[in-house]
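Please open the model in your viewer and keep the sequence panel beside it. The tour below moves from one selection to the next and says what is to be found at each stop.

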Amino acid sequence: MAVSFLRYEVSDLCLAKPALRSLSASATVADALESLKTSQDNFISVWDCDHSKPKSPDGSGVGGGGQFCRCIGKVCMVDVICYLSKDDSLTSPSAALKAPVSEILTKIPGHVMHVEPSCSLLAAIDLILEGVQNLVVPIISRSNSRRKKHPKPISAATTTIHNGQEFCWLTQEDVMRFLLSSIGLFSPLPAMSIDSLGIISTDILAINYHSSASSALQLISHSLSQQTSVAVVDTEGVLIGEISPFTLACCDESVAAAITTLSAGDLMSYIDCGGPPEHLVKTVMQRLKDRKLQGVLDNYTLSSSSSYAHALMMTSSSSDEESSASPNRSLRRTRPGRYTRSSSYSARMVRRAEAIVCHPRSSLVAVMIQAIAHRVNYVWVIGDDCSLEGIVSFSGMLEVFREHLETMG
């Protein structure tokens, strides 16, 4: 059984994976924004294709001296939000939207990499541990020929086909789900505590609750690159909540206005779920006016169907008597291992924003299930007094499983 597990290839993990929606490297930030808003995926792949070169012999168009067509990166709403939150973008948002999409691509090389379907699972894990976040894999199926002849209609700005070939990608989450499905093979590892396994990292990104949200911009970018999150703590180091890229990715570009004007604590309330609280909408509007940045909202209102911009317009026409009471943003414990903030909101949420936590004594499999269930790549580790002690990430878990796989071989 263990030996057969080692024979798995990445193609075994690609079954029923959807084809990647892609964006040309020549596209603009506005193109990326439009594609993200119409996509069900948080990320869209960015491709660099030179159609002047002949197709490669195998028809893939990747390598082999044939047509140069490869995935060079990925973008999500967080990339757009962070870019639009910069001073230059706030001064001229329309110019920022016309900038090439390369402006928001990560400058760290190797986040995406092409691999063959026959690439072994072990090799894939090694690549992920070396820093690759997405493995781009050709989709090989009997329906490929039909897909080529009858491609699905999609936005003109995006495509799923490159030289007659569709691709999907594998992530850390995909590999972790696959390992969880065969967790019995790794006994007794799954039952061991994360503390005893030594996978609790103290290298965390954190910001004080009362600090300005704009001061967290670089931390948010780093957390996106690391596939973790930014902890929001009080003066005593107690975890209050988080500013998570996984939550921001479900918002729209107008969050840039909130980041520019609100504190870290108020930003948590804004992006939590349901829609921005009216009192925060008014606060953002007034502070933008004070900083002579009203053009930021005007531009977003004209260039997008932003629910937040719409809320700002509605609020500006309402009377002061219609203002709602401030929501309670305190952290409340709902059940062991899970914290949430009450009466909070977001513009475009698909899941509630929560700080998912565990304790040093939590078992490896319990933490895996927590992360996978909440579609995040990490879990915060807190002490009995709720003080933040560290973070456990998928990459740390994968290192442990990789070492165990060596003994299985």
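In which sense do strand 4 and strand 5 pair, and over how many bridges? Select residues 134–138 for strand 5 together with strand 4, and you will find the two paired in the parallel sense over 3 bridges. Helices (H or I, at least four residues) and strands (E, at least two) are DSSP runs, numbered from the N terminus, and two strands pair if DSSP finds at least two bridges between them.

Before going further, note that this is a predicted model, in which local features need pLDDT of at least 70 and side-chain atom pairs count only at pLDDT 80 or more, while totals for chains, interfaces and linings use all residues. Residues are numbered from 1 along each chain as its sequence is written, and side-chain values use heavy atoms, with hydrogens and water left out.

**First stop: the sheet with strands 4 and 5**

Stay with this pair and pick Val-112, whose bridge partner in strand 5 is Asn-134. Then widen the selection to the open sheet of 4 strands, which has the order 4-5-8-7 and mixed pairing. Its edges are strand 4 (112–114) and strand 7 (161–162), each of which pairs on one side only.

Two packed helices are described by the angle between their axes and the distance between the axes. Select helix 7 (residues 121–129) and helix 9 (residues 172–181), which pack at an angle of about 135° with their axes 11 Å apart; axes are lines fitted to C-alpha atoms, for helices over the stretch in contact, and angles run from 0 to 180 degrees between N-to-C directions. Helix 7 and helix 9 are therefore oblique to each other, given that angles under 35 degrees count as roughly parallel, over 145 as roughly antiparallel, 65 to 115 as roughly perpendicular and the rest as oblique. Their crossing is left-handed, a term used if the near helix is turned anticlockwise from the far one by less than a right angle, with right-handed used if clockwise.

Show side chains here, and Leu-121, Ile-125 and Ile-128 in helix 7 meet Gln-172, Val-175 and Phe-178 in helix 9, where contact means heavy atoms within 4.5 Å. The residues of this contact divide into 5 nonpolar, 1 polar and no charged; Ala, Val, Leu, Ile, Met, Phe, Trp, Tyr, Cys and Pro count as nonpolar, Asp, Glu, Lys and Arg as charged, and the others, Gly among them, as polar.

Met-176, Arg-177 and Leu-180 of helix 9 make the contact with Val-365, Met-368, Ile-369 and Ile-372 of helix 18, and by class the contact has 6 nonpolar, no polar and 1 charged residues.

Now follow the chain into the loop between helix 9 and helix 10 (194–197), where Pro-188 is placed. A cis peptide bond joins Ser-187 and Pro-188, with omega at about 5°.

Select helix 4 (residues 77–84) with helix 11 (residues 217–226), which pack at an angle of about 160° with their axes 10 Å apart. That makes helix 4 roughly antiparallel to helix 11, and helix 4 passes helix 11 in a left-handed crossing. The residues in contact are Val-78, Asp-79 and Cys-82 of helix 4 and Leu-217, Ile-220, Ser-221 and Leu-224 of helix 11, which divide into 5 nonpolar, 1 polar and 1 charged.

Which strands does helix 11 lie across? Helix 11 lies across strand 9, strand 10 and strand 11, running at about 155° to strand 9. Select the open sheet of 3 strands with the order 9-10-11 and mixed pairing, in which strand 9 (205–208) and strand 11 (239–243) are the edge strands, each pairing on one side only. Neighbouring strands of this sheet are turned by 35° against each other on average, direction ignored. Strand 9 and strand 10 (residues 230–233) pair in the parallel sense over 4 bridges, and Asn-208 stands opposite Val-233 in strand 10. In the loop between helix 11 and strand 10, pick Gln-227, which has a positive phi of about 60° although it is not a glycine.

**Last stop: colour by pLDDT**

The mean pLDDT (the predictor's confidence in each residue, from 0 to 100) of the chain is 81, and 76% of its residues reach 70 or more. Residues 144–156 stay under 50 and have 10 contacts beyond four places in sequence in the model. Over residues 301–351 the pLDDT is also below 50, and this stretch has 132 contacts in the model beyond near neighbours in sequence.
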